[in-house]
Amino acid sequence: MEFLSQINTFLTGQLGDFGPIIAVGVLGLLMILLTIAMMMNQPEDPLKKLKRDMNPSTQSKPQKERLRQSGRNEQLERFATFLEPQDAEELSAIQLKLRQAGYQSKDAVRFFHFAQFALGIIGLIGGIIYVTVIAAGTEMTTQQLMMYTVGPGGAGYMLPKYWVTRRVEERKEEITRGFPDSLDMMLVCVEAGQSMDQAIVRVARELRASFPALAAEYEVVAYEMKAGKDKEKVLRDMGTRCGVQDVSSFVTVLIQSATFGTSIAEALRVYAGEMRDKRVMRAEEAANKLPTKMTLATMTLTVPPLLIILVGPSANGIANLGNMSK
């Protein structure tokens, strides 16, 4: 008891009234991280693996389901219930957002939640170290203590979400910029006698260097069509993955053209012309916004030096006259 009292006195003197609580929290976080590291580094039991392979219920699963489950990270598979939302709608929404950001892996959702958890814990530990070690002699209020302790953890937890959102916007911008050129190339391929599937493959190959995000989407479409998936479903999935209104409208044009039996080349020619005009309008809009955006910077960088040049000599002369009169 005397030893515990000494520890309590030491922690209270170093960390304030919340010293014992902070120490217990740090020890708990370290134990959680140690347990997770040990569980992830633990190899799978060969006997359990053999039983799973010999289990009739596992063998009776359809080949499609087994292919979907293959290729996953075995270490993250153990924490699937913790790293994946149990609600199907929430899981689908996160998968769609990660695919729009360019992360097509089967374990993308698990890696995303693991990154949130790991960065949150690291930020929390960093905040505790700052409060206990770096700013140990500084007097802090309870609000400041909570802000410096919990704030870095919250920032680390939100960092992956911010990164994914930024990646989605950048990828949409890249697809929007490269989409008119892809339509022109697709029109050339179709008018040269190639089918729509061959045109998509060729356009994906040509765009890989300049617009890799759009080329990746065309490659996914080509692979799904080769696998025998319904063409209408493939095109609609592309529009959903891209999240760009121009691509969704293009998908609708292709589906309607195939439904009503009209010429795909004519539909591509008309829509490609509209996309070129739309790109010119975007450039003109950006050019018209530029003077307004530069006004504040121009005033900030120009007016103060101009005032110094114009008013400075007069102010200096008045000051000299005042000194001479004295």
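Modeller: Contact here means heavy atoms within 4.5 Å. This is a predicted model, in which local features need pLDDT of at least 70, side-chain atom pairs count only at pLDDT 80 or more, and totals for chains, interfaces and linings use all residues. Residues are numbered from 1 along each chain as its sequence is written, and side-chain values use heavy atoms, with hydrogens and water left out.

Colleague: Against which helices do the buried residues of α12 pack?

Modeller: The buried residues of α12 pack against α10 (142-191), α11 (196-207) and α13 (231-242). Among them are L214, Y218, V221 and M225. Helices are DSSP runs of H or I with at least four residues, numbered from the N terminus.

Colleague: How do you know that the span of α12 agrees with its 15 residues?

Modeller: The expected span is 1.5 Å times one less than the number of residues. For residues 212-226 that gives 21 Å, and the end C-alpha atoms are 21 Å apart, so the two agree.

Colleague: Why is D246 called buried?

Modeller: Buried means under 20% relative accessible area, exposed over 50%, and partly exposed in between (1.4 Å probe, protein chains only). D246 has 5%, and is therefore buried. D246 lies in helix α14 (residues 245-260).

Colleague: What makes the pairing of the D246 and K278 side chains a polar contact?

Modeller: A polar contact is a pair of N or O atoms within 3.5 Å; within protein, one must be able to donate a hydrogen and the other to accept it, and residues adjacent in sequence count only if both atoms are side-chain atoms. The D246 and K278 side chains are joined at 2.7 Å, and those of D246 and R282 at 2.5 Å.

Colleague: Why does L307 count as partly exposed?

Modeller: L307, in helix α15 (residues 264-325), has 49% relative accessibility, and therefore counts as partly exposed.

Terms used
Helix = DSSP H or I, 4+ residues; strand = E, 2+ residues; numbered from the N terminus.
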